[in-house]
Amino acid sequence: MGEIETRLKDLGLDLPVPPLAVANYVPFVVAGDLVFVSGQLPLEGGKLVVTGKLGDTVTVEDGVRAARLCALNLLAQAKAAAGGDWTRVRRLVRLTGHIACTAAFTDQPKVMNGASDLMVAVLGEAGRHARVAVGAPALPLDATVEIEGIFQLG
Amino acid sequence: MGEIETRLKDLGLDLPVPPLAVANYVPFVVAGDLVFVSGQLPLEGGKLVVTGKLGDTVTVEDGVRAARLCALNLLAQAKAAAGGDWTRVRRLVRLTGHIACTAAFTDQPKVMNGASDLMVAVLGEAGRHARVAVGAPALPLDATVEIEGIFQLG
Amino acid sequence: MGEIETRLKDLGLDLPVPPLAVANYVPFVVAGDLVFVSGQLPLEGGKLVVTGKLGDTVTVEDGVRAARLCALNLLAQAKAAAGGDWTRVRRLVRLTGHIACTAAFTDQPKVMNGASDLMVAVLGEAGRHARVAVGAPALPLDATVEIEGIFQLG
């Protein structure tokens with residue numbers, strides 16, 4: 001557990017307060033040893049900080065930043081699901097990333113690397129995951145990226 | 001079990017006959033205690049009753065109605081997966097909703113609330129779920145909403 | 001195991017070398033008895049062979065071919081996850097197919113049948129799966145189809 005917190009600090013990352021669900025759903029559900037986390041948006045300090053679409057007003061660099069923020073929020077949810085105890089987070093199983101984009105944009109993987117790289121930087125080998133990256137014509141609140149994740153508790 | 005049936009009746013809801021899959025797939029697969037339900041469309045009496053896109057010809061109100069119908073079909077599949085015995089449905093784990101929309105539409109969460117609210121109205125606390133809501137440029141048969149769900153048996 | 005290999009041969013199908021992930025993720029993750037396979041593209045001999053969108057430059061027939069290729073790559077990953085032993089692959093649980101398309105295209109199910117039919121042809125009853133088929137405005141590398149799958153080991 002201390003190891004993960006140290007890595008976060010070394011990376012200069014502050015784990016956010018895990019965002020609450022704002023309707024009749026919850027941020028995550030634990031079923032057996034799997035944690036299904038709701039789709040996370042690029043929120044920072046509770047505010048949506050990257051909006052718009054790739055191929056239009058958003059650069060790949062900003063898309064990567066959006067994906068990193070989604071990943072940080074996923075990590076915050078995973079930690080909460082584990083009762084704050086990182087040693088109970090066995091691994092990240094899968095990430096599915098939805099990238100708001102125009103019909104001409106085909107670099108969804110570059111954008112998702114923002115999330116994948118962060119997961120491996122923080123969780124090490126346990127952060128290597130199966131991945132799905134697809135485009136979307138529009139996402140909630142005009143978010144640039146939405147990522148859902150499945151973790152395994154140990 | 002009686003409790004869920006009573007709630008459905010109190011809400012004036014008739015659970016549909018669970019739609020059959022019309023190709024080489026099945027409406028749901030049970031793996032361990034998880035039930036993976038195929039994407040459900042807004043079918044009523046076997047007919048697709050909400051078509052078209054949000055931000056174009058479909059209002060948020062009609063989108064909500066579509067999401068409710070998808071949720072009813074998901075419940076019908078969950079009941080079938082449990083052999084008709086609601087006491088075996090431990091909880092709803094996750095819903096992923098795909099909302100057919102234009103690039104300008106960003107109220108996917110409002111549409112998905114039609115499904116989320118219905119699940120909690122029918123299943124109570126066991127209906128609170130992890131959630132993903134994203135846009136799609138087009139869906140099968142011009143459906144307005146498609147929702148897939150994972151339930152846990154108890 | 002021999003049975004599956006015989007079916008593949010009878011169908012004239014060569015299982016590809018399972019594609020590697022090209023970033024900080026992996027082709028599949030095993031969690032308990034579930035195998036989560038990353039989104040597979042229509043790769044043949046390591047090359048993307050079907051690009052573009054349905055409703056635009058790609059015919060349904062070519063979409064079906066793309067979905068078949070995705071399915072073959074999913075099978076290759078499942079075999080690898082089972083250590084090469086088909087008797088350990090209990091069943092296919094779910095396929096989620098993302099079909100690159102215009103806003104006017106609504107035959108996503110016909111395209112996905114390319115994958116569903118192949119799965120049942122190769123795996124028999126164990127190949128019947130829950131299914132999700134949705135449109136996407138654009139996919140990685142301009143791929144026409146991306147399909148992710150969950151298998152159960154036995």
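What follows is a set of questions and answers on this predicted model.

Q: How do you know how confident the predictor is in chain A and in the complex?
A: For chain A, look at pLDDT, which runs from 0 to 100. The chain averages 96, and 99% of its residues score at least 70. For the complex, the predictor gives an ipTM of 0.96 and a pTM of 0.97.

Q: Why is C:E125 called exposed?
A: Count the neighbours. C:E125 has 8, so the exposed label applies. As for where to find C:E125, check the loop between α3 (108-123) and β6 (130-136) of chain C. Its C-alpha is separated by 31 Å from that of C:K47, and the two residues are 78 apart along the chain.

Q: What makes α2(C) "mostly covered"?
A: The cut-off for buried is 20 or more other C-beta atoms within 10 Å. In α2(C), 19 of the 22 residues are buried, hence the wording.

Q: And what makes helix α1 of chain B "hardly covered"?
A: Here the count of buried residues is 0, among the 9 residues of the helix (residues 2-10). Just after α1(B) comes B:G12, with a positive phi of about 70 degrees.

Q: How do you know whether α2 of chain C reaches the length expected for its residues?
A: Set its reach against the expected span, at 1.5 Å a residue. Helix α2 (residues 60-81) has 22 residues and reaches 31 Å from its first C-alpha to its last, close to the 32 Å expected. The helix is followed by C:G83, whose phi is positive, near 65 degrees.

Q: What makes chain A agree with a compact globule?
A: The radius of gyration. With 154 residues, a compact globule would come out near 15 Å, and chain A has 15 Å, so the two agree. Along its principal axes, the C-alpha trace of chain A spans about 40 × 35 × 30 Å. Of the 154 residues, 55% count as buried.

Q: Why are chains B and C said to be related as by a three-fold rotation axis?
A: A rotation of 120 degrees with 0.0 Å of shift along its axis superposes chain C on chain B, at an RMSD of 0.0 Å. The two copies are therefore related as by a three-fold rotation axis.

Q: How do you know that chains B and C meet through different surfaces?
A: Compare the residues each copy uses.

Q: What makes up the contact between chains A and B?
A: The contact takes 22 residues from chain A and 27 residues from chain B. On the chain A side, the elements that give two or more residues are β1 (28-31), β2 (34-40) and β7 (145-153). The largest share, 4 residues, comes from β2(A). By residue type, the chain A side divides into 14 nonpolar, 5 polar and 3 charged.

Methods:
Residues are numbered from 1 along each chain as its sequence is written. Chains are lettered from A and ligands numbered from 1 in the order in which they are written. This is a predicted model: local features need pLDDT of at least 70, side-chain atom pairs count only at pLDDT 80 or more; totals for chains, interfaces and linings use all residues. Two residues are in contact if their C-beta atoms, placed from the backbone, lie within 7 Å. Ala, Val, Leu, Ile, Met, Phe, Trp, Tyr, Cys and Pro count as nonpolar, Asp, Glu, Lys and Arg as charged, and the others, Gly among them, as polar. Copies are superposed by least squares on the C-alpha atoms of residues with pLDDT of at least 70 in both. The expected span of a helix is 1.5 Å times one less than its number of residues. A residue is buried if 20 or more other C-beta atoms lie within 10 Å of its own, exposed if 12 or fewer, and partly exposed in between; C-beta atoms are placed from the backbone. The radius of gyration is taken over C-alpha atoms; the globule rule is 2.2 Å times the number of residues to the power 0.38.
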